[in-house]
Amino acid sequence: MTQAVVVTGTDTGIGKTVFAAGLAGALGAHYWKPVQAGVDPEGDSETVSRLSSLSPDHILPEAYRLTVPASPHLAARMDGVTIDPAHLALPALGKQRLVVEGAGGVLVPLSESLSMADLFAKWQAPVILCARTGLGTINHSLLSIEALKARGVPMLGVIFIGEPHGENERIVPLLGQVRSLGRLPVIDPLTPGGLARAMRESVDISAIEAVLNAMIEGEP
C-alpha cells in the first residue's frame with residue numbers, strides 16, 4: 001500500500017505547492033500533481049522539483065497537463081480534453097511515500113460531475129488542508145473541512161501558511177475538530193534550504209509520519 005498523503009487548500013494561490021514541496025522533501029517522498037491547469041511560467045511539478053531537492057524520478061508526470069490557468073473543468077474544455085476519473089487513480093508505489101497535490105480548493109470541479117473532494121473520497125488517503133492565517137480564513141477553512149468530512153474524507157490536519165495569527169490558528173482546529181500541524185511562515189528568499197529549515201522548525205512532520213507509518217502497520 002502506497003503511503004499517500006493529499007495536500008489541498010482552502011483556495012488557490014495560498015502556498016500549498018510550496019508546502020507540498022517542503023513536505024515531499026522532508027519525507028523523501030514521490031510527488032504527484034494529477035491535474036495541472038496552467039504551465040506558464042512553470043507548472044507545480046517544476047516548482048516542486050526546484051524547491052524540494054528531490055531526484056527527477058520522484059516527480060511523477062501529471063495525468064492531465066492543461067495549458068489554461070483556470071478551473072480544471074474549464075481548462076480541460078478549452079484544451080479539448082475530457083478528464084476521465086479512471087485516469088486519476090493513485091499511483092501504485094508499493095510501500096513508498098507519495099505526496100499528492102490537488103488543484104485549487106476542495107470543491108474545484110474537475111468535470112461537471114466530479115470535484116476534487118469527490119476524488120479525495122475515492123482515494124481515502126489522509127488529507128492536509130492548507131489555510132491562510134489572515135482575515136477570512138476561519139470561514140474558508142471550516143467550510144472546506146465540512147465539505148471534506150461530509151464526503152467521508154479522512155483529515156490528517158490543517159497547516160497554516162503566512163504571518164502568525166494566534167486566534168485564527170487556535171479557533172479553526174478547535175471548531176473544525178482537526179489537528180493543527182503548525183504554521184509555515186513566509187520564506188524570503190524562497191530557497192530549497194530555507195524551505196527545508198522552515199519545515200523542520202515549524203511543521204509537525206512527526207505527526208504526518210506517524211499516520212503514514214500506521215497505513216503500513218495496519219496492512220494484513
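Reader: Which residue, with a positive phi, follows α1?
Author: This is a predicted model: local features need pLDDT of at least 70, side-chain atom pairs count only at pLDDT 80 or more, and totals for chains, interfaces and linings use all residues. Numbering runs from 1 along each chain as its sequence is written, and side-chain values use heavy atoms, leaving out hydrogens and water. After α1 the phi is positive, near 65°, and the residue is Gly28.

Reader: How many residues of α1 are buried?
Author: The helix (a DSSP run of H or I, at least four residues; strands are E, at least two) spans residues 16–27. Its buried residues (under 20% relative accessible area, 1.4 Å probe, protein chains only) include Lys16, Phe19 and Leu27. α1 is largely enclosed by the rest of the structure, because the buried count is 10 of the 12.

Reader: Are α1 and α2 parallel or oblique to each other?
Author: Their axes come within 9 Å and cross at roughly 50°. α1 passes α2 in a right-handed crossing. The two helices are therefore oblique.

Reader: Which elements do the buried residues of α4 pack against?
Author: α4 (residues 116–123) is mostly covered, with six of its eight residues buried. Among them are Met116, Phe120 and Trp123. Those buried residues pack against β1 (3–9), β2 (30–32), β5 (97–105), β6 (127–132) and α5 (137–150).

Reader: Which residue follows α4?
Author: The phi there is positive, near 60°. The residue after α4 is Gln124.

Terms used. Axes are lines fitted to C-alpha atoms, for helices over the stretch in contact, and angles run from 0 to 180 degrees between N-to-C directions. Angles under 35 degrees count as roughly parallel, over 145 as roughly antiparallel, 65 to 115 as roughly perpendicular and the rest as oblique. A crossing is left-handed if the near helix is turned anticlockwise from the far one by less than a right angle, and right-handed if clockwise. Buried means under 20% relative accessible area, exposed over 50%, partly exposed in between (1.4 Å probe, protein chains only). Contact means heavy atoms within 4.5 Å.
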